[in-house]
Structures are given as C-alpha cells and as structure tokens.
Amino acid sequence: MISEKEKRTKRLIQSDRKGFNTLFNRIFEAFLPLLAVPVALIFGAIMLAALGANPLEAYRSLFVGAFGGLSSITQTLVIATPLLLVGLGVVIAFRGGVINIGGEGQLIIGALAATAVALSLPTLPGWILIPLCLLSGFIGGSVWGGIPGVLKAKLKVNEILSTVMMNAIAIQLSNFLLRGPMIDPAEIEAGTRIAQSALLPHQVWLERLIPRTLLHAGAILALVMAVLVYIFLWRTTIGYRIRAVGLNPNASKYAGIRVPFYQALSLVLGGAFAGLAGAVEVLGVQHRMLEGLSGGYGFSGIVAALFGNLHPLGAIPASIFFGGLLVGGDQMQRTVQVPSALIDTLLGLIVLLVVGSKIWSLRRARRRETNE
Amino acid sequence: MSELFTLPVLLGILYSGIRLATPYLYAAIGEALAQTSGVLNLGVEGIMLMGAYSGFYVAMKTGNLWLGVLAAAAVGCILGLLMAVISVTLQAEQGISGIGLTLFGLGLSSLLFKETMGTVNSISGFQPIRIPLLGDIPYIGNVLFNHNILVYGAFILVPVATWVLNKTTFGLKVRAAGQNPQAVDSLGINVVIIRYITITLGGMLAGIAGASLSIALINLFQENMTNGMGFIAVALVYFGGWRPVGVLSGALLFSFVNALQLWIQVKRIPLPSDIAVMLPYILTIIVLALAMRRTQQPAALAKPFTRGES
C-alpha cells in the first residue's frame, strides 16, 4: 500500500514534470521551423556548387544584399511589409481551418481599389484620402476573398481551387483595366501604352520613414496590424470561434458555432489583409498601379505565415527573413551570376521541410497522450 | 457574330479543343488516382513545369522526342515520390505541401531553364498521325483522328483508368484506401504502399502532361509556361466527381471554351482579350459550384493516415 503522502508527492513530481514538458514542447515547436533553414541552405549550397558558383561567396553576397547596410536593410523591410500583411491574412484563414491561396488576386484587387479611389478623389486632403484608400484596399481584398468564402459556406466549393481561379481572374481584370479604362493618359499621348495607371496625387503617398530610402509608413502599419490580429484571434470572441472552427469543426458545430459562417469570415478577413497589402504597395512604393505589382507576394506571404508558425507575431520576424532572402537573392544574381530563381526553389523547399517536420511535434503530442 | 460560327470555324474550335484537353487529361487523371486513394496532391503545377522542362531539354539535346517523354515521366515519378514521402510518411498538411512542391518546381524549372538555355527555343515536336480510314470521314475525321500520339494517349488513358479503378483488385484497394483506410489496414492491406503508388503514378502523369505541352502542343519551353494549368487539373478532378469519364467531360468543356476564347481573339471580335482569357476560369468556378452539390468526395481525402487511430 502506498501512503497518502507518497501519492501526493508522486503527483506533485508528475505535474512538475508535465509543466516542464509543456514549456519544452512549446519552445521545441516554435523553433522547429527554423531547422528547415540550414537544411535548405545546404541543399542550396549543393545546387550553387553544381552551377559552378562558390556557395560561401554566394551566401555572403546574399546576406550583404539583405542586411549589409542601411539601404539594403530598408529595402528588406520594404519587401517584408507586403509579406507580413499577406501573411496575416493567411494566418487568419489557416487558423479558421481554410487554406487561402488567393493572396495574389486579393492583393491586386486591393491595389486596384486603392488606386481608383485615389485617382477619382484627387482634391481631398491626405489625412482623409489615405485612410480612405487603405480602407478601399481592405474592402476590395475582402470581396475577392469573400467570393470563395461564400462559395465554400453555401455550396461547399473547395476554397483552394476557387482562390486559385480568382487569382487568374484578378490578373486578367487588372490587365484589362490598366490597358483600357485606367491607363495613364500620358501613356496614350506618348504612344508607349505601358499598362499602368496615372501617378497618384502626392498627398496620398505614404510618409518616408528614413530620408533617401524607400522605407515608408506602411511598415509601421503592418506591425500594428500584426498586434491587432493577435489581439483579435486570442482576445475576442469572434477570434476564439475562428480558432475553434479551425481546430475542430465537428466539436465547434456541437458547441453551437456556425462553422460555415466562420470559415467564410476567415476567408473574407484573409482577403482583406492581402488587399491592404496591395493598397500599401501602391501608396507606399509604386505610387501608381501597374502590371506585375504583386511580384509573387501572394505566394511568398504563405511561406512567411507558415514559417512564423501561423502566429501573427511570429509572422513578423518570418517576413523580415523572407524579405531579406528575396532582396539578397537579387544581389546574389548580380554578383555571382546565379539566377534568383534559386531563391524560389529554396522557398519551396523550406515549405516542404516545415510542413514535413510537423510530424515530430505530432509524435511528441501523441506520446504525451499515451503517457497520461 | 455570324462569322464566328461558320462550319470550318466550328470544326477548328473542336479540333483545337481536343488538342488543348491533352495536358489537362494526363494531369487530372493522375490526380484523380491520387485523390481516390485519399491524397490531395496540389503540387501538380510544379511537377508539370519540371516535366515540361525536362521533356523539352532532353528532346532538344538528343533529338529524340520519346526520350523527352521518358525523362518527363521519370522526373514526374521522382517528384511524386517526394510528395508521397511528405504527405504519407511525414503526414504533412497536404494543401500546403502541394504549394511548397509547386514553388519548388516553379523555381527549379526557371533556374534550370536560365542556366541551360537562357532563351526560348522551339523544336519540332510530335507530328499529327492521320489514322487511315477513320481520318477520311468527312468533317469529323480530321477533328478526331488527325492528332499527334500524345493526344491519342491522353484519350486512351480515360478508359484505361476507368478499368483500373473499377475492375481490378488494385483499383478496389485504391478506392477503399480513400474511403476507409482503417478498414483497409485491418484487412492487412498496406495503405501506405497503395498511396505511394498512386501519388507516384500521378506524378508521372503530371510530368507527361508537362511534356505534352512542351514537345507535342506548343513545342517550346518558357518560364512558368503552365500558368495555373496544374491547379485547373485539380479542379477538374472535383468537377468530374473522381471518375475518369467525368474528368474527361470537364477537360473537354474547359478546353472548348478556351479554344473558343482563342478564336474570339483571332477573329478580332470586339471583346477585350483580357476579358476573354478570364472566361475559362469563371466557368471553372461556376462549374465547381454546381458540381460540388451532387458528388461525394473520398471520405478520407486530405486526411493523413496513422495506423491504430480511428
């Protein structure tokens, strides 16, 4: 017979060990994605060597290009801004259990909406026009994300496929508008007919944070949004329900949560943030809408969100890291003559490694369950 | 509009519609196989790009088109195997791993293209083979029986896949693995091996789909030349209700609209080309919305399988 006291001590030790285990597991899970980077870099080094470049020299130029001085750091942050905003949308959608691959199209529609508003109300002062443009980008993106959302909620259309189709439609719509109704009148006059809109009025341009660099106020907006999304998902009822639906739709249904509604909502919000990214890109960087504005951010944003462990705050360092990778990749292309497509390859590889490594945390969780 | 619908134009649209359906058929039937066994492979786009590149490169270097097809099939197998390791053995989220594979294929094919070719070259691809007698039937003969070998192959694949899925033991195992993997496992059949086979075969077909573009239809390779075709192939599987014949009808519908759209551009009908290009995508969404209500997807689709868990 074990005495009552012994039992209590045993329980105490067990609970203590459990506490340590949860802490350890949390750290383990947060840093697991980071392991994908060295593996991908080693793979990249092999490819670089195969292409006849010195891997060390290539990586050095990549790092210098990304973080080696004021202009490269600010350039990295400029790229990180849309990545973070798109990533936030991806985080919300994923937390709600839906996969939003439509970032590209939502970003384009957001950028178009912001451009249209800025060009049609050119006399408004900046302090009204800027919020108005950002809001219209937000709404434009949410409409583009909302269509797949409603289709999923009402007709059970797979959102992965519908968002991909919506990307293609958005690109064509943008090409049509930029070659027709929205084309810069100056382009018609000059006869060059480059597919871009007129330059936006100056008062709507986002403030430069550091003179003589491209870093603009949109970066701060993105950071604020990351915190807001965190608060929204973890401190509000709606956010709680979105996460509940994502974790276990069946249990949520029995708990009385309208699952289709919250799935659609997470797609709407996911689209909204991608749309905001488009608006910020127009107001902060290009100051006009043009073809190819999205630059693949819709897809790299997914990578950033995933790498940040699908956490709004984790997406901040992740998007800076990937921003650096993209900027540094261009530098690498110039100095060691390796196509920057190498970076895309590594991005894909990192995604595969990150999702593939999830099994280790899954196994740990299962072992924990069986131990208890 | 009347000039659009003369007989030769209609026959022309039908002819190019059948041609255009080829890559979708290869990719979508491969994908249907994988999905029937319970695995959503969203990496088709990336595999197609790698298939298109390797098929073109090998055909250009050796001058042998069949070696190109073989190379594309082999590369497709390897990438399919990679997807199988990640989604079956490592039980990763299938939607995201597919996106990863697509990014990987897109990046790697662009990288290799820039390193080995640099500029867009074209080759003389597979030539049309006129089938004797059948090809001489007025009107229809030319539309149906004057295509290159990869086009015929894609259409032969449909009855073959139907037969394999419905009439063979292997097909039964595949379908069971997608409906109830636990039950399959309890009967002593290895779910993991079945899924490995279907994903690898699906990858091989996606590779051939890419090659059909680069050495049988367009006869050149350029970066991101599939431009979303892989995703449309996945959509066609849903549209077709996981049946090869359904996939065929979806692929034909999509390709006919695409061919019509191309004719509209050629004929300079006052519809902006950007809007015309949109039509097939809008149609796909509408068709998906209509199709999803009546069909039931494999019960275990996109759910990783773990032994001993129900």
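Analyst: Happy to! Let's begin with contacts: two residues are in contact if their C-beta atoms, placed from the backbone, lie within 7 Å. Keep in mind that this is a predicted model. By that rule, Arg241(A), Ile242(A) and Val245(A) of α10(A) meet Val259(A), Tyr262(A), Gln263(A), Leu265(A) and Ser266(A) of α12(A). By class, the residues of this contact are 5 nonpolar, 2 polar and 1 charged.

User: Why is α10(A) called roughly perpendicular to α12(A)?

Analyst: Helix α10 (residues 237–247) and helix α12 (residues 259–286) of chain A pack at about 105°, and their axes are 9 Å apart. Angles of 65 to 115 degrees count as roughly perpendicular, so α10(A) is roughly perpendicular to α12(A).

User: How do you know whether the radius of gyration of chain A agrees with that of a compact globule?

Analyst: For 372 residues, a compact globule would have a radius of gyration near 21 Å; chain A has 23 Å, so the value agrees. Along its principal axes, the C-alpha trace of chain A spans about 95 × 55 × 35 Å. Chain A has 15 helices and 0 strands, and 52% of its 372 residues are buried.

User: What makes up the side of chain A that touches chain B?

Analyst: The contact takes 38 residues from chain A and 39 residues from chain B. On the chain A side, α6, α7, α13 and α15 each supply at least two residues. The largest share, 14 residues, comes from α15(A). By class, this side of chain A has 26 nonpolar, 8 polar and 4 charged residues.

Conventions:
Residues are numbered from 1 along each chain as its sequence is written. Chains are lettered from A and ligands numbered from 1 in the order in which they are written. This is a predicted model: local features need pLDDT of at least 70, side-chain atom pairs count only at pLDDT 80 or more; totals for chains, interfaces and linings use all residues. Helices (H or I, at least four residues) and strands (E, at least two) are DSSP runs, numbered from the N terminus. Ala, Val, Leu, Ile, Met, Phe, Trp, Tyr, Cys and Pro count as nonpolar, Asp, Glu, Lys and Arg as charged, and the others, Gly among them, as polar. The radius of gyration is taken over C-alpha atoms; the globule rule is 2.2 Å times the number of residues to the power 0.38. A residue is buried if 20 or more other C-beta atoms lie within 10 Å of its own, exposed if 12 or fewer, and partly exposed in between; C-beta atoms are placed from the backbone. Axes are lines fitted to C-alpha atoms, for helices over the stretch in contact, and angles run from 0 to 180 degrees between N-to-C directions. Angles under 35 degrees count as roughly parallel, over 145 as roughly antiparallel, 65 to 115 as roughly perpendicular and the rest as oblique.
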